[in-house]
Amino acid sequence: MLDRALVRLAAAALRLPAARARRVTLTRGIPVRVRDGVPLRTDHYAPDLPGAPTVLIRTPYGRGGPMRLLGRLAAERGFHVVIQSCRGTFGSGGAFDPLVHERDDGLDTLDWLRRQRWWSGAFGMFGASYQGFVQWALAADAGEELRAMVAVVTASGTRDSTYAGDSFALDTVLTWAELLQAQAVPWLARQWELKRGQPRLTAALAHLPLVEADRVATGVTVPFFQEWLRHHTPDAGYWRDRVFGDRIAEVRAPVTMVTGWHDIFLPAQLRDFAALRAAGAHPRLTVGPWTHGSPGLFVAALRDGLDWLDEHLAGRPPAGRAAPVRVYVGGAGGGWRDLPDWPPPSAPTRWHLHPGGGLSTAAPVPSTPDRFRYDPADPTPSLGGPLLVAQRAGPVDNRPVEARPDVLTFTSAPLDAPVEVIGPVRAEIHLRSELSHLDVFVRLCDVDRRGRSWNVCDGLVRVAPGRYPTDPAGVVRVPVELWPTAHRFAPGHRLRVQVSGGAHPRYARNPGTGEALGTAITLRAGWREILHDPQRPSAVVLPIARIAPQLSCR
């Protein structure tokens, strides 16, 4: 059991509200049986408060460690906390098959809650990443008893994030598969593997064909990894019962969302926010300077989540935040801002690519294309950005990758005044390619006075024959959706746009042959031309802030 002094120390460090319960009783490993007889191991943290509502957390990552701390902290603040291991994980029966059983298992767990003598008739849900997917799986069918949701770095569906730009998020998916397998590895052995830099995972990320990569990384074949390689087309029926966004409008519980500008699910989570708003709901949104696993994200999510549960589940007075949207504006002179909605009003402004590596809002001029050769046998590496592992993610100095011959850069003059970009970012790239199968990766960077190039946001699109129309000269216009952002480019800094043919291993390399995702082994290199003339004006479109949002007191 966690030492009470440690719990009090953590509560003080996190600046949480004072404890309301004097005593919390923990019952571990309760076998909650679902409709097919499978027992799901469940821990219950019971406060000594009559009529306390319930917070449900369903997770594939175990009920100990941080989850035990979370359970006790939330219980001390007046909630029954129920933490359940998803089937096939940490003592729960059955086999773990991502997203397949979460709706039914969640509904059966809710039925079990209703039969408990301490059940008050109201519950909320809390969780990050997969713990958020299971919330969306249940939310539309939970009825009026569901009073609040805390959705942290998550979304109602994983498909769009898995196949961002119609590519394949190799680093995220394979790293997650390895992480799930490693949960059964003894602690000392796992620490040794991490200390060595995870050489098996590193080798697997570089391995072809991809159908063998899971075995290289983990020593076993991972069924869901194999299925995600096979069912990658937009019309694949496999995903029909594994995404829950089509029922967002039916969710009646108030939702608060916490995410980061460099989170792997950010675009999908912001689409969920927009869907709730379109359905007439009033969700709350916090976007910070975080990656998927940032320690600061956990702290912010715990504070925001307990505040939300206090207000909407327990009926206590709100903590005082009035603005529905709070974002962190990166860059020099940024900071926390309060906004009335997302995205805020902006003036979409085209920053055109110019010959000689220039970038400006001036109209394009007649020019010859810039060329680079992409070779999937030596793929352009990914550097920082939205990744599953926090240590490798986020803003990093991009000069090493920008020095490669397969990366084109277009850089503005030093800014005379600050440029504040808040909202969705997109690019339009006109190109001609030696090959008909290719990827287009676009990244926006902030170049500081010392010449360091810090990634702000990026996106990738996979191009195949027929996906985009080709003009008589063989030029195709490729629209690229970048990650949304909030960033202030300071005076004296420069904007930079990278254009390249990939970002490996974040995205699976494009072999250039059109072979199937999982079995491709033949690699073809080829030249690409990026056009930037008046008839084919390649550009990045930035949402320049129209208003000066209020500075948050946070």
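Predicted model: local features only at pLDDT ≥ 70, side-chain atom pairs only at ≥ 80, totals over all residues.
Local features need pLDDT of at least 70 and side-chain atom pairs count only at pLDDT 80 or more, while totals for chains, interfaces and linings use all residues. Residues are numbered from 1 along each chain as its sequence is written, and side-chain values use heavy atoms, with hydrogens and water left out.

**View 1. Helix H6 covers residues 170-182.** Helices are DSSP runs of H or I with at least four residues, numbered from the N terminus.

**View 2. Trp 176 meets Trp 228.** The structure holds 18 aromatic pairs (Phe, Tyr or Trp ring centres within 6.5 Å, using the six-membered ring of Trp). In this one, the centres are 6.2 Å apart and the planes lie at 15 degrees, so the pair is stacked (under 30 degrees). The partners sit 52 residues apart, Trp 176 in helix H6 and Trp 228 in helix H10. Trp 176 is buried at 11% relative accessibility, and Trp 228 is buried at 5%.

**View 3. Pro 223 belongs to helix H10, residues 223-230.** Its relative accessibility is 56%, so Pro 223 counts as exposed (over 50%). Its C-alpha atom is 9.8 Å from that of Phe 96, 127 residues apart along the chain.

**View 4. Arg 316 lies over the face of Phe 79.** The distance to the ring centre is 5.4 Å (the criterion is CZ of Arg or NZ of Lys within 6 Å of the centre and within 35 degrees of the ring normal). Likewise, Arg 506 lies over the face of Trp 483, at 5.3 Å from the ring centre.

Terms used
Helix = DSSP H or I, 4+ residues; strand = E, 2+ residues; numbered from the N terminus. Expected span 1.5 Å × (residues − 1). Buried < 20%, exposed > 50% of the residue type's maximum accessible area, 1.4 Å probe, protein only. Phe/Tyr/Trp six-rings, centres within 6.5 Å; stacked < 30°, edge-to-face > 60°.
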